Amino acid sequence: TVAVLINEGTPYKFGNVTIEGNTLFPTTDLAPLAKVRSGDAAASGTIRSLARAMRDFYGSRGYVNTVVKPALDPATNGTLDVRLVITEGNLVKIRNVVIRGNARTRDKVVRREVLVYPGEIYNEVKINTSERRLMNLGYFDQVRSYPESTRLPDTRDLVFDVEEKRTGQFMVGAGFSSIDKMMGFMEISQGNFDIRGWPYFTGGGQKLKLRAQMGSRREDYELSFIEPWFLDRRLSLGVDLYHSKVSYSEYDVQRRGTALTLGKALPWANRLTLTYRLEEVKVSDVIDTNTYFFLDDPTREFYFNQDKKHVDSSLNLALTHDTRDNPFVPTRGNRMSVFGRVSGGVLGFDTEGYGAGAQGAWYFPLWLRHVLSIRAKYEVVDSYGDSDDVPVDERLFLGGGRTLRGFDY
């Protein structure tokens with residue numbers, strides 16, 4: 001039996017926060033980093049945050065090994081004065097950026113994620129951000145950076161020591177849903193692929209995926225390749241080859257084609273994506289009672305009873321804003337996008353149509369790890385030029401698991 005005795009101390013509130021020991025920068029420059037509201041609870045986490053912000057101020061300006069120690073002066077009236085005592089470090093510059101431990105991953109794949117360069121100051125904030133960027137690649141189990149001494153007292157080599165991990169995956173699975181019925185899939189992927197890296201084809205920072213999915217209603221085959229630094233710029237290039245077949249209750253739709261995608265990251269969590277798609281679409285096994293009604297005018301009917309086949313050449317532009325904390329299981333943030341698509345015209349081939357829309361999803365954390373999600377979508381499609389109708393495979397339908405749940409597609 002372990003008995004833990006707690007002697008609850010006095011609940012202190014913040015009094016004055018002062019700064020001591022600074023000679024390189026005036027107090028007026030540092031004071032905004034040490035602002036707290038007088039009377040707020042003097043939480044230890046807040047005090048550590050004040051010290052960390054002060055260290056980052058010096059570290060972002062190249063002053064390595066700066067130490068900030070909070071000195072606490074409690075008063076009898078329940079207030080706590082905090083003195084941030086600074087021991088200033090020395091200004092250090094970077095001589096070389098050294099990468100160690102990358103037996104498979106190319107040096108340039110690591111270096112392009114590093115935000116500091118030889119000849120610059122030893123910016124500790126950018127270096128820490130570089131560590132996080134390297135970990136987020138998914139190629140390494142561990143990333144550690146540290147300065148290494150040189151013959152010059154004010155110069156260091158910056159070392160990134162990485163520990164590589166396996167980046168290939170092989171997955172198989174099976175499942176059942178009320179929409180697609182029985183399904184089985186197999187997927188082979190390499191997250192650190194190198195198309196020129198004979199014989200192992202790893203280490204180039206590219207992504208390759210081969211996926212096959214088969215079921216009683218759906219059949220999909222996909223080969224996907226992504227180069228995240230096309231032409232050594234922060235411009236992603238994606239190439240997709242695919243074949244799919246979906247069996248609806250009224251007809252079957254078969255698609256096969258290719259897509260070429262260029263993506264560019266923009267400031268403030270935005271991304272611009274341009275996709276060119278060329279695909280052959282075949283509608284088959286059409287039942288005779290294939291009649292549809294328009295939501296805006298129920299007296300209008302859309303009807304067809306014969307197989308159709310066409311080639312679609314389209315261009316799609318999308319702007320996405322994504323602040324979710326997790327792309328797979330988000331608990332807070334939002335993801336919003338606006339998009340437009342045009343086919344035919346100067347792009348050629350069989351169909352001439354366009355579409356545009358906007359959609360968004362918002363996530364709010366509740367209690368007991370529950371999350372409230374709100375989604376909205378608005379989209380329009382229409383034909384132009386010589387095309388009289390929008391093909392059935394491009395029309396918008398309500399129902400099913402992806403638009404209005406609880407209603408048939």
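Start by selecting the eleven strands that form an open sheet, in the order β9-β10-β11-β12-β13-β14-β15-β18-β19-β20-β21, with antiparallel pairing. Strands here are DSSP runs of E with at least two residues, helices are runs of H or I with at least four, and both are numbered from the N terminus. Two strands count as paired if DSSP finds at least two bridges between them. Now colour β9 (168–177) and β21 (371–383): these are the edge strands, each pairing on one side only. Across this sheet, neighbouring strands are turned by 15 degrees against each other on average, direction ignored. For that angle, axes are lines fitted to C-alpha atoms (for helices, over the stretch in contact), and angles run from 0 to 180 degrees between N-to-C directions.

A word on what you are looking at: this is a predicted model, where local features need pLDDT of at least 70 and side-chain atom pairs count only at pLDDT 80 or more, while totals for chains, interfaces and linings use all residues. Residues are numbered from 1 along each chain as its sequence is written, and side-chain values use heavy atoms, with hydrogens and water left out.

**Zoom out**

Show the whole chain as a cartoon and you get four helices and 21 strands. The radius of gyration is 29 Å, well over the 22 Å that the globule rule gives for 409 residues, so the chain is more spread out than a compact globule. (That radius is taken over C-alpha atoms, and the rule is 2.2 Å times the number of residues to the power 0.38.) Along its principal axes, the C-alpha trace spans about 85 × 55 × 55 Å. Buried residues make up 34% of the 409; buried means under 20% relative accessible area, exposed over 50%, and partly exposed in between, with a 1.4 Å probe and protein chains only.

**Two strand pairs in the sheet**

Next, select 235–247 and 252–266. These are β13 and β14, which run antiparallel and are joined by 13 bridges. Pick D240 and you'll find A259 of β14 opposite.

Then hop to 353–365, which is β20; this strand and β21 pair in the antiparallel sense over 13 bridges. Click A356 to see its bridge partner in β21, V380. β20 and β21 form a hairpin with five residues between them, and L368 in the turn has a positive phi of about 55 degrees.

**Loop stops**

Move to the loop between β10 (181–193) and β11 (206–215), where P199 lies. The peptide bond from W198 to P199 is cis, with omega near 0 degrees. F201 is in the loop between β10 and β11 too, and its phi is near 55 degrees, a positive value in a residue other than glycine. F201 is partly exposed, with a relative accessible area of 29%.

Now try A269, in the loop between β14 and β15 (270–284). Phi of A269 is positive as well, near 65 degrees, and this residue is partly exposed at 39% relative accessible area.

**Last stop: helix α2**

Select 44–59. The end C-alpha atoms of α2 are 22 Å apart, which agrees with the 22 Å its 16 residues should span at 1.5 Å a residue; the expected span is 1.5 Å times one less than the number of residues. Show side chains for its buried residues: I47, L50, A51, M54, F57, Y58 and G59. An α-helix has 3.6 residues a turn, so residues three or four places apart point the same way. The buried residues of α2 pack against β1 (13–20), α1 (27–30), β2 (63–64), β3 (67–74), β4 (79–87) and α4 (124–136), with contact meaning heavy atoms within 4.5 Å.
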